[in-house]
Amino acid sequence: MVLKIGALSLPSTIIQSPMAACTDLPFRLIAREKGLAFSFLEMVSAQALVRDNRKTRKLLLSSPQDKPLGAQLLGCDPAIMGEAAAIIEDMGFDLLDLNLGCPVRKVTGNGEGSALLKDPNKAEEVFRAVRNAVKKIPVTVKMRKGFSDPSGDEAVELARRAESSGLSAVTVHGRTQAQMYSGSADYEAIGRVKAAVSIPVIGNGDVVDSEGALRLKSVSGCDGIMIGRAGLGNPWVYRNLHNAMTGASEPEYVPTVAERRDTLLRHLDLEVELLGERQAALNLRRIVVWYTAGLPHNKNLRVGVCRTTDVRAIRAMIEEYFNQLPSDVPAPCAPVLLSE
Ligand SMILES: Cc1cc2nc3c(=O)[nH]c(=O)nc-3n(C[C@H](O)[C@H](O)[C@H](O)COP(=O)(O)O)c2cc1C
């Protein structure tokens, strides 16, 4: 089973979503080691990229093993989006996605992210400017199902315009901007988008296990499934979902406590190697929460990691914490339901 997006052919229909401050290079390398076929890195501001902002360039850090990889641009000025898109293509990314989903006020207040759902003419100008600026790689768009209208009409309208502007796929997160992360994702609205266009539609929202992935597929008929939060601290999820979607007979893989410890320590090592000790220590404040979700007595470890920037101390705290637990028992990962 493959997911074809423009000229890009992916061996799995399960892909990782862009997530700010989460889907960095160490995260993606670990996910790929455990079976992820395609990942996004987090959104970057088109304006900042065009200005060659140093922090923005850092967010685009990748490596030869980190492929195929999609970048995502945030912005609403067609000329700047076009300019930034050409930079992304020149940097060697395999796909470019446009962010029409970000619900945070700071972003929508500038007319960016999900605010473009309310301005389909402007959105279409952005689609066309980007499509014209990019020569080879597929361009896709990720949107919410609407701004405040829960019907899904806004997503249907924008998906049609994306298709007629030459975009190669659309992803729909089945919530409105107004909902932020409350309620549950509406898979019927994703199905309405699927029925309205011929380009691939990728469904997104609340999938944390095989049952959820199969339900999203059967309700919406979507071509691919994008996983967001379920990948945090659970790099085993991609293979499990891929197996479910392909009807493989392999049982669901559940890591042991020791595997969760070892994967967390490897994540720590990669953070240090690729981002430096200080950044690694700060990032570990989040990462430790992901890998210890659902495990007992994790509070002291989480608090301890927040109190230091010494990577050696963090490693020792992680080892000490896991040493108290029986290492060979299966420890199902619990979803980390953050909001942006
Ligand atoms: C911390 C956080 C950061 C996110 N950053 C982005 C982003 O950079 N670009 C984007 O399109 N969506 C972003 N999202 C939205 C997710 O990609 C995804 O659409 C959403 O979480 C719903 O999917 P899920 O229920 O599988 O997590 C973010 C979500 C969270 C929780």
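The model is predicted, so local features need pLDDT of at least 70 and side-chain atom pairs count only at pLDDT 80 or more, while totals for chains, interfaces and linings use all residues. Residues are numbered from 1 along each chain as its sequence is written, and side-chain values use heavy atoms, with hydrogens and water left out.

Let's start with the domains. Across the boundary, 15 residues of domain 1 are in contact with 13 residues of domain 2 (contact means heavy atoms within 4.5 Å). About 1200 Å² is buried between the two, with carbon and sulfur atoms giving 70%; buried area is the accessible area (1.4 Å probe) that two parts lose on being put together, summed over both. On the domain 1 side, Pro 26, Ile 30 and Trp 236 lose the most area to domain 2, together 37% of what that side buries.

Now for the helices, which are DSSP runs (H or I, at least four residues) numbered from the N terminus. The axes of H9 (residues 210-220) and H10 (residues 237-246) come within 9 Å and cross at roughly 45°; axes are lines fitted to C-alpha atoms over the stretch in contact, and angles run from 0 to 180 degrees between N-to-C directions. H9 and H10 are therefore oblique to each other, the label for angles that are not under 35 degrees (roughly parallel), over 145 (roughly antiparallel) or 65 to 115 (roughly perpendicular). Ser 210, Ala 213, Leu 214 and Lys 217 of H9 meet Asn 240, Leu 241, Ala 244 and Met 245 of H10.

Definitions and conventions
Helices (H or I, at least four residues) and strands (E, at least two) are DSSP runs, numbered from the N terminus.
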